[in-house]
Amino acid sequence: MTDPSPAFFTVDAGGATTAAALIGRLAGRWRLLAAGAVPASIATDVLLADLVGRVNAADDDLLAEAGPWQQWARVESRTAPPPSVLLAATSEARLQELELTFGDAGWRVVLRVTPDHLAPLTVARVLLDRHLTVVAIAAGDPVEQGERAGLADLSAFIGSFAMRRPELRVVLVGGAVSEEASLPPAQILRARSPAVVAEGDEGSLASLVERLRLETVAGNASDRTQAGGDVPGPPAEAGPAGDGRVGFQRAVASLAAVLDLRIEGVDIGLDGGTHVLAGPMGIERRAIRADAGLVPLDALDDERWLDQIAGWTTVHEDGFALRDRIRNLRLAPWRDAAGDGSLLRVGAARAALDRLGRGWAGPREEDAAASGAAGSGAPDLLVLSGGAFAVAPAPVVALTVLDTLRHPGGVALALDHARVLAPLGTLGDEADRRRILTDLADDLLAPLGSAIVAGGLRGGRRGTLRLTSEGGTSVLPLVAGSVQVVDLPPGIAATAQLESADDLWVGVHARSVAIDVVGGLGGLLVDTRETPLRLPDRAERRRQLLESWERPLWIGGDW
Amino acid sequence: MGRVPTRVLTIREPRLWFALAVGDIPQVGAGDHLGVDDPLAIRLRHPAVAEAALHGPVAPEPGRRFEAGEALAGHGRNAIRFEGNGSVLYRTSSGRVRAAVSRHQDSLLSPVGGTIEIVEASGIQLRAEGNGLRGVMALGEPSHGRLLVAVEGPEAELRASQVDVSQAGSILLAGSRVDVEALTRARAMGVHGMITGGMIGKDLRDLAASLARQEAALHASPPFALLVMDGYGKRPIPELVWECLVEAAGRDVAISIDPPAAILDAGQTIPSRHPDHVRLVSAEGNGRTGRVLELAGLRRRAGGIPMECARVALTPLVQGDEAEIVEVPLADLERDV
């Protein structure tokens, strides 16, 4: 990309759809010329040809000197289904440490085992599953007396299967390395306990599992074993080019540097969700969650997943039929997207955001908040990405965020509508990426608007919202427990002054607070509901409440 | 037409995977050529975990398979023996040997002829002779039998009353849905499998529980497989899949679990259609077929969302009627390739 052609494509190949964008050089800067998405079963070239055709139909001189489009550069990212891991540890606490690390690195945890809950036939079935690629065993460092027998049993059992499956890799964490004699040497990887080594440090488990994921999904897992099977060195700046999830995180970090903002990025795909918080100095926190896909694979067999998703939808359907519709959404996510199919997708996306948020708000977030460290606090801009958000109007998309990722205070919302960020994140050169993003920032982010989450208003009490922009000042009542949409067009900056007799919670407690907001397709959403959002347990009452917030935001919702 | 989602109708010589469980003994090697019903592996039926104390330093190797009563370590009265056949799991830190043991075993038979490509601890891969019709899910055990068309058309539902003992040993071609009563009756009658367009998730869960109970039973039952071709709920079998299967009626057809597929005879003719021939896959009009007249561009659909659409001339439901022209989102169309 250092010697750019006049035009290039970005391609984001996801589990459900393939999105592509045509980016060309106009008047000395990169511009987004066309973008589209098609179901994943359609050949990418069909989509690219369509993009070129659309641009040529609008202006046939624009790309006349760029040569045949088949020869233009393609910046491609791909997301793959999450790899599977079995976690074993000498205690529940160590198991949770493992789960936190693997869970945040995009692994699908298929079984958790401790010596006290070792069901040999169940574990054997999982160890013989050809889709299982990694087993992790953790123990204290040093191993405590009470752990020794359990660790020996776990290692002996797992080792007996690892010997028969030479492609299976075993990660020994902390004191578990003392049992390496029970395991085939070539299949062992070692890492230090997450309790004693920070993420990103040499030998950390987090670095290892990130690399293992990238290797596994890239299908080149055997290289690591042959290289000696030890912990790799410090993590490279990012994984191999092509991984859409790492690409999205890197691109958000580059965007944060370019815009000099603190940006939270959220991408919901079919097989997983990606979350990143980055500031001008780089990534502050990141996670890839296999359980935050639109409809995770496990939902086909496990009704708890289906019920969690159903609990966030506003579709009118009886329980069994709704579960089957959610399962069909997993099998063919592009089908039936019109009508109440869009309600179903919005519900599934909201459920995925909820799972992503719960993973994010785990023990690490509490630690960070307690210490005031990076990672806590609201971002300036929240960028959404993913095909699920393409089938709903901007205010509804904004509401899905407010329902789940609730940041007290004000935040601007934008949509990576052409799904350009993930492919651009796979560019190897940070300078290239920043240069392109500087040109493209206005094109690639569709402004959804701004949102203010202000808790603290007591039931029945009112406050005042005074919105001042270049067009004048408007005054609106603040009503407790509501979501109001205020018209604020894209490109308009304003100041929202909130006043109340009660202390409002907007990141700080205040009776009067001014927040800068920007307009967008969804305007300004003012949310005075509780944080976290409390919803009724009964399914029908819950659905009605969600619907009362969501329905007014649909335009032409005549399904 | 390139923008209409595609469904790959057939896979030539599909690779079938037969998962092995702990204690299963493969009976084949890579490169072996198998016929229908040749044994792939000997399986432990409903194994349990047994353990015995070691009386010496030598422990049997993990993974070692043994016969009932066979001395695994030690001598004479101190030798480790188990009452059933099985496989050694591991030696515990307290000096005991744990094993997966069963008094009963049976054979996993190949439902189709082909060549063994991989034999490993996890399973066996067979390159099947024939053409695979890919489904979306399958449940049960790989099986085969003579294909019988049990319903009038791809939209029809198979009722329990349509299943009888004359269908024993066969694979039934059901329509858009099979209920749990029909499944239960079919298994009781000795039917080897069913192929359906859709299946209610709850019925699928009931079937899975029933199959698990059967596995734990003392007496082995003939293998039974359910193959779902399109999705959950009531869904017609796709038109060309239906035609392929009707063409195969009366012949031996196998059902594979991994991948979910029906394996047809290699010599069978595979029907085809003009490239602009499509099938509706949305909830409304699901299963109807037609011809794409032109791409209609972006159209605002219910809910206010703009979508790329095509104008489609639907094949009349009654012969002689005029074709109905509708605008359908491209993503709600499908064509077979």
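The C-alpha centres of domain 2 of chain B and domain 3 of chain B lie 29 Å apart. The model is predicted: local features need pLDDT of at least 70, side-chain atom pairs count only at pLDDT 80 or more, and totals for chains, interfaces and linings use all residues. Residues are numbered from 1 along each chain as its sequence is written, chains are lettered from A and ligands numbered from 1 in the order in which they are written, and side-chain values use heavy atoms, with hydrogens and water left out.

Start with chain B. Its domain assignment gives domain 1 (23-126), domain 2 (130-264) and domain 3 (277-336). Such bounds come from an automatic or database domain assignment. Where domain 2 of chain B meets domain 3 of chain B, the contact takes six residues from domain 2 and seven residues from domain 3. Contact here means heavy atoms within 4.5 Å. The two domains bury about 590 Å² between them, and carbon and sulfur atoms account for 43% of it. Buried area is the accessible area (1.4 Å probe) that two parts lose on being put together, summed over both.

Which three residues supply 57% of the area that domain 2 of chain B buries against domain 3 of chain B? They are Arg235(B), Pro236(B) and Glu239(B), and they supply more than any other three residues. The rule also finds one salt bridge across this interface. A salt bridge is a side-chain nitrogen of Lys or Arg within 4 Å of a carboxyl oxygen of Asp or Glu. Asp230(B) forms a salt bridge with Arg279(B), with the closest N and O atoms 3.6 Å apart. The residues on the domain 2 side that touch domain 3 of chain B divide into three nonpolar, no polar and three charged. In this sorting, Ala, Val, Leu, Ile, Met, Phe, Trp, Tyr, Cys and Pro count as nonpolar, Asp, Glu, Lys and Arg as charged, and the others, Gly among them, as polar.

Now turn to chain A. Its assignment gives domain 1 (7-78), domain 2 (84-216) and domain 3 (244-297 + 307-553). The centres of domain 1 of chain A and domain 3 of chain A, taken over C-alpha atoms, are separated by 28 Å. Their contact takes 22 residues from domain 1 of chain A and 19 residues from domain 3 of chain A. The area buried between them is about 1800 Å², and carbon and sulfur atoms give 62% of it. Trp30(A), Leu32(A) and Val75(A) supply 27% of the area that domain 1 of chain A buries here, more than any other three residues.

Charges meet here too. The count between domain 1 of chain A and domain 3 of chain A is two salt bridges. Asp443(A) and Arg31(A) join their side chains in a salt bridge (2.7 Å, N to O). On the domain 1 side that touches domain 3 of chain A, β1 (7-13), β2 (17-26), β3 (29-39) and β4 (73-78) each supply at least two residues. Strands (E, at least two residues) and helices (H or I, at least four) are DSSP runs, numbered from the N terminus. β3(A) gives the most to this side, with six residues. The residues of this side divide into 11 nonpolar, five polar and six charged.

Look next inside domain 3 of chain A. Val401(A) is found in helix α12 (residues 394-404) of chain A. Is Val401(A) buried or exposed? At 2% relative accessibility, Val401(A) counts as buried. Buried means under 20% relative accessible area, exposed over 50%, and partly exposed in between (1.4 Å probe, protein chains only). Beyond its neighbours within four places in sequence, Val401(A) is in contact with Leu353(A), Leu382(A), Leu384(A), Arg406(A) and Leu413(A). Ala451(A) is 50 residues from Val401(A) along the chain, and their C-alpha atoms are separated by 9.4 Å.

How many residues does each chain give to the contact? Chain A gives 49 residues and chain B gives 49 residues. The area buried between chain A and chain B is about 3700 Å², with 57% from carbon and sulfur atoms. Leu121(A), Arg130(A) and Arg335(A) supply 18% of the area that chain A buries against chain B, more than any other three residues. Five salt bridges are counted between chain A and chain B. Arg205(B) and Glu303(A) meet through their side chains in a salt bridge (2.6 Å, N to O).
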